[in-house]
Amino acid sequence: MTRVAIIGGGISGLAAAFTLEQHRRAGVAEYTLYESSPRLGGVLRTEQIQGCVVEAGPDSFLTEKPWAFDLCRELGLGDQLIGSNDAERKTYILVRGRLIPIPDGLMFMVPTKVLPTAFSPLFSWTTKLRMARELLHPPRTADRDESVASLVQRHYGPEMVDHLADPLLSGIYGGEAANLSVRAVLPRFTEMESTHGSLGRAMLVAQKKIPRPANKPASPLFTSLKNGMQQLVETLVPKLNPTSLLTNSKVQSVQPEAGGWTVAAGVKSDKFDAVILSVPAFAAAQLLSICNPDLSAELSAIGYSSSITVGLGYDREVRHTLPPGFGFLVPRSEGKRLLAATFVHNKFPHRAPEDRALLRCFFAGSNAENVWQLSDDAIIAIVRNELRQILGLQATPLFARVYKWKAAMAQYGVGHLERLARIERFCRQVPGLALAGNGYRGIGIPDCIRSGREAAKQAMQER
């Protein structure tokens with residue numbers, strides 16, 4: 001019988017527990033999950049307000065990454081999955097106070113269609129000429145990691161970084177393109193630069209290789225659940241052994257002892273064969289500081305940023321006056337505090353009644369830290385003021401909610417993959433230890449699920 005401790009009850013820890021539950025039912029494993037807060041699920045939290053599905057944390061996951069989709073199907077949620085309304089997909093960038101749509105054919109900063117980009121007011125003629133010259137770039141193999149901003153600026157210039165790279169990555173990672181590792185965040189870009197030189201030519205070649213099945217619609221870019229992302233947690237938790245789940249249980253220490261581990265939480269200590277740390281890297285570093293200082297130092301070097309999400313509900317009139325599309329991004333050069341806003345009623349079905357508009361506004365990184373100490377009412381006032389400036393939205397919201405997530409978004413800084421190699425080397429020196437969560441090889445829900453399930457398998461295989 002293998003006994004496993006799981007520290008952390010976010011989606012990574014729950015995914016690990018779900019995998020171990022199958023071993024428990026087979027009579028070959030036991031597990032205990034420790035969660036310091038009163039609830040399980042971490043940032044997956046949904047509220048139902050006036051008929052609207054309001055997400056406190058992430059609102060969806062990337063469809064192309066299979067692990068979240070597969071877990072939902074395994075849990076019997078296949079008929080609850082909904083795709084984004086990609087026919088309505090249009091995203092705007094705020095440029096000199098005006099909302100400019102991202103032109104057709106721009107695939108994550110890489111232009112693949114000439115005319116839409118050439119006629120778009122999103123870029124100056126200087127940047128458009130650089131886009132044309134970029135098609136002539138020779139292959140280049142980098143001998144070291146660099147920031148996303150460095151690579152994008154080399155190909156397209158600083159305006160592309162300011163108008164697209166930085167806002168796009170701020171919305172995903174809550175960080176700045178100047179600090180994020182291109183090898184960790186956009187590995188495909190380094191590969192394309194190495195093989196083709198030009199990112200534009202590489203993307204065109206890749207497009208031609210994509211199979212296009214006849215009469216089969218393309219998969220949606222994003223997938224969610226009809227009742228919100230918390231539905232995943234609410235479906236998964238009842239399938240676990242209730243006596244194995246300990247909430248309000250903060251772990252003070254984990255120590256390797258006599259071929260196993262001792263986990264101390266409160267006044268109680270228990271012995272386990274393996275430990276899965278599905279907590280942020282800085283929390284894992286603290287727990288491992290005594291038993292492995294080298295591993296702890298590497299984990300503590302992984303940065304995290306905070307975020308604030310504000311959900312706002314409006315009436316039918318506002319819904320009819322908002323621009324079509326999914327929402328807008330705000331470059332830092334615009335001098336706003338908001339980084340992005342999503343028109344949720346357009347992005348997904350089943351999110352708001354026909355007579356409601358649902359907006360989701362986002363602060364992250366330094367923008368979030370600058371308003372962190374303010375009251376909810378003060379933060380809502382900032383959001384309403386900036387929506388007034390950007391959208392001309394004068395109406396008073398029917399409801400507003402503020403959700404704060406402290407140090408929740410891992411920052412994959414330059415050299416992140418090299419750091420992970422050192423972390424994995426140190427982990428191999430500590431039998432029975434596995435790491436999971438968004439601090440390592442993917443920040444989204446699918447990657448967190450994958451990491452939790454792989455950690456559970458590792459814990460079982462090492463016995």
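Me: Which residues count as being in contact with Leu-299, leaving aside its neighbours within four places in sequence?

Reply: Contact means heavy atoms within 4.5 Å, and by that test Leu-299 touches Ala-281, Phe-282, Ala-284, Ala-285, Leu-288, Ile-423, Leu-435 and Tyr-440. Keep in mind that this is a predicted model, where local features need pLDDT of at least 70, side-chain atom pairs count only at pLDDT 80 or more, and totals for chains, interfaces and linings use all residues. Numbering starts from 1 along each chain as its sequence is written, and side-chain values use heavy atoms, with hydrogens and water left out.

Me: What makes the set around Leu-299 a nonpolar core, and how many residues has it?

Reply: A nonpolar core is a set of buried Ala, Val, Leu, Ile, Met, Phe, Trp, Tyr and Cys residues joined through side-chain atoms within 4.5 Å; buried means under 20% relative accessible area, exposed over 50%, partly exposed in between (1.4 Å probe, protein chains only). The largest such core has 70 residues, and Ile-7, Leu-277 and Leu-299 have the most contacts inside it. Helix H6 (residues 158-173) gives the most to this core, seven residues. Another core, of 39 residues, lies apart from it, and includes Ile-11, Leu-20, Leu-33 and Leu-44.

Me: Why are H4 and H5 called roughly perpendicular?

Reply: Angles under 35 degrees count as roughly parallel, over 145 as roughly antiparallel, 65 to 115 as roughly perpendicular and the rest as oblique. H4 (residues 125-134) and H5 (residues 148-156) pack at about 90°, with their axes 8 Å apart, so they are roughly perpendicular. Thr-127, Arg-130, Met-131 and Glu-134 of H4 meet Gln-153, Arg-154, His-155 and Tyr-156 of H5.

Me: How do you know what angle H2 and H18 make?

Reply: You compare lines fitted to C-alpha atoms, for helices over the stretch in contact, and angles run from 0 to 180 degrees between N-to-C directions. For H2 (residues 66-74) and H18 (residues 445-461), the axes cross at roughly 70° and come within 7 Å, so this pair is roughly perpendicular too. From H2, Trp-67, Ala-68, Leu-71 and Glu-74 take part in the contact.

Me: Why can we say that the buried residues of H5 line one face?

Reply: Val-148, Ala-149, Leu-151, Val-152, His-155 and Tyr-156 are the buried ones in H5. Seen down the axis, they fall within an arc of 165° (taken from the directions from the helix axis to the C-beta atoms), so they line one face of the helix. They pack against several elements, among them H4, H6 and helix H8 (187-195). After H5 comes Gly-157, with a positive phi near 95°.

How values were computed
Helix = DSSP H or I, 4+ residues; strand = E, 2+ residues; numbered from the N terminus.
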